[in-house]
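Open the model in your viewer and keep the sequence panel beside it. The stops below say what to select next and what is there.

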Amino acid sequence: MPIGVYAQLLAGGLSTGSIYALVGLGLMLAYKGTGVLNFAQGELVTLGAYTALFLSLTTSLPYWAIFILTVLLAGVIGVVFERLLVRPLMLAPEFTVVVATLAVGLMIKDALRIAWQETVSSIPSPFADVSVRLGDISINAQYLWVTFCALAIMGILALFFRNNLAGKAMRAVAQNQTAARLMGIRVNRVFSATFALSTAIAALAGILIAPIHGIEPEMGNVLIKGFVAAVLGGFNSLVGCVIAAFMLGVIETFGGAFFGGLFKDVTAFALLILVLLVRPNGLFGSAEARRV
Amino acid sequence: MSKLLRTVGPVGVMSIAALVISIAIQPWLGSYFHYIGMLALINAIAAIGLNILTGSAGQISLCNSSFMAIGAYATTYFYTQMGLVYWLSLPLGALIAAVCGFLLGFPALRLRGFYLAVVTLGFLELTQVLVEQLPDITGGVRGIASPRPYLFHYKLSNDLAFYYVVLAITLVVIFTAVSLLRSPTGRAFNAIRNNEAVAQTLGIPVARMKIQAFVLSALYAGLAGGLYSTAVGFIDPLEFGLGTSVRHVIYIVVGGVGSVGGSVVGAVLLTFLPELLRSFKEYNDFVFGGILLVSLIAMPRGLAGLLPKITAHFWSRSKSADAAGVAAKVVP
């Protein structure tokens, strides 16, 4: 196979992995901050994509404006989501959390399906029809843009958690809510902010994936891949999650190209089981004590 | 008569009434009701299976529909392609599902809570993919036909006839499940759900019991799957997606987590409900999601938890206190 094909596969794999990374990051942020693992995260991706689609159909705004507006709107949706669903669930048993978030996800999916039917739509992107040429190799610019965005989000989040006061407050709440409250942190606001951030990242994933895979109600199935990325990364580190997601994306893409679709679809689950059995704290995580 | 009522108790009276209705009323209703009745009972079997694992042993599972799928495809394969007798194919299909439950039980042993939910969700996706990618066995996305069997040279193509077969099997399932949950095994499941560490110190082999819960749950779900394929006559992977699993969860949440009777009531009610609301067919998932959220908030112990409160109003005072107390203990 010519080198160009490898390069294209790699770019495709990295961009797929980027979407997984964004989903995984959103899941991890919300879980760390509030203790609620959100099984509706996939549907928040779908919702973001449909918001962008709605904006691009009803207004004549350029891509960038839609991009920013959708992410901001998603932040608002995230705050509402947190107030209505997550806060009542925070002290509930895990079973209730899983079931309730799944139910809300199903409801979002069904509402979108009723509103838009089963049609696959897309939003125009300035990168979709452009290809970047490096000698003999040409790569679709959307792939590079997606990968760039995932890396940028990872970098911004890392800086945010390290240097920004709000980021530090989020970390404090994740570690110990009571202590954080005693330090004068408004814990409830941090919860809202965490979900705003998590939902905005999900919407970003939706906008980015739309020109590649199209917008349809089943987009939310990416959830499980995001889980796998977050679990492989140890559910603890931003960088770990992104690296794991890239690995998953690349393995899937190359495996799919060489061994067929079955391999591609089975990889994620096989990796998940393998890692949970061999290294329950992920490839990059450290062991954690559990209180009985 | 009133003495008899007192000894049987409100739950007993209702069960007997339900049984009489389910046997006697069906011939007077149209074949559409026979069909929905079959589906309701099959859903009840699947819900009982999930209830053993999730309600009793406390292990979250989102892949109940996958075990149903495995049972359905295995039964169809044995019956149509290997030419086995149906009454052998059905238990064999359930057995295959149980073996898969056994295999999934091992990785699941080391996991709890959210991680377990994620792994079972992954197993669901995996099963979906395998069904789609192995069209030689499963018919792939186009699905596969599953004809009705013969019983002593009599073809059960009539929905009413097959309904009675399903009803008989359901009664056996209910009886075995109730006995199981009252046996030491069921008590061990309860102990594990309440506190694993304590269960361990009490000498309960936690790992073995958990795998046992997975196997039993998969066995029931597989049986439900086998019956489903035959009842409907045609199966495709869409029938066994996440939506179906979540629906099983809704049955047990609405009926009452941990209660066999609750599972049956939840499954039967929620199978008939969408048929009554046919004009809302499009909104099915929406309505079900809403029902689930409302019952999680308004009645965390489901209908089975409400029963003692309701009967306390109608039953004689002294007996009602006892019944409520007993029911509260039996229904965890």
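Is H2(A) largely enclosed by the rest of the structure or exposed? Keep in mind on this tour that the model is predicted. Select residues 41-58 of chain A, which form helix H2. Of the 18 residues in H2(A), 14 are buried, so the helix is largely enclosed by the rest of the structure. A residue counts as buried here if 20 or more other C-beta atoms lie within 10 Å of its own. Next, check the length of this helix: at 1.5 Å a residue its 18 residues should span 26 Å, and the end C-alpha atoms are 26 Å apart, which agrees.

**Chain A as a whole**

The C-alpha trace spans about 60 × 50 × 35 Å along its principal axes. Because a compact globule of 292 residues would have a radius of gyration near 19 Å, the 19 Å of chain A agrees with that expectation. Buried residues account for 49% of the 292 in this chain. Of the contacts in chain A between residues at least 6 apart in sequence, 76% join residues at least 24 apart.

**The nonpolar core**

Now select B:Ile42, B:Ala97 and B:Tyr220, the residues with the most contacts inside the largest nonpolar core, which has 188 residues. Helix H8 of chain A, residues 187-213, gives the most to this core, with 16 residues. Centre the view on B:Ile42. Leaving aside neighbours within four places in sequence, B:Ile42 is in contact with B:Val166, B:Ala224, B:Leu227, B:Tyr228 and B:Ala231. In soluble globular proteins, nonpolar side chains tend to be buried together.

**Where the chains touch**

Show both chains and select the contact between them, which takes 30 residues from chain B and 30 residues from chain A. On the side of chain B, the elements that give two or more residues are helix H5 (113-133), helix H11 (242-255) and helix H13 (284-298). H5(B) gives the most, with twelve residues. By type, this side of chain B divides into 20 nonpolar, six polar and four charged residues.

**Confidence**

Last, colour by pLDDT. Chain B averages 82, and 88% of its residues score at least 70. Select residues 320-332 of chain B: the pLDDT there is below 50, and the stretch has 22 contacts in the model beyond near neighbours in sequence. For the model, the ipTM is 0.83 and the pTM is 0.85.

Technical notes: Residues numbered from 1 in each chain as written. Chains lettered and ligands numbered in written order. Predicted model: local features only at pLDDT ≥ 70, side-chain atom pairs only at ≥ 80, totals over all residues. Rg over C-alpha atoms; globule rule 2.2 N^0.38 Å. Buried ≥ 20, exposed ≤ 12 C-beta atoms within 10 Å, placed from the backbone. Contact = placed C-beta atoms within 7 Å. Helix = DSSP H or I, 4+ residues; strand = E, 2+ residues; numbered from the N terminus. Nonpolar A, V, L, I, M, F, W, Y, C, P; charged D, E, K, R; others polar. pLDDT = per-residue confidence, 0-100. Expected span 1.5 Å × (residues − 1). Core = buried A, V, L, I, M, F, W, Y, C linked by C-beta atoms within 7 Å.
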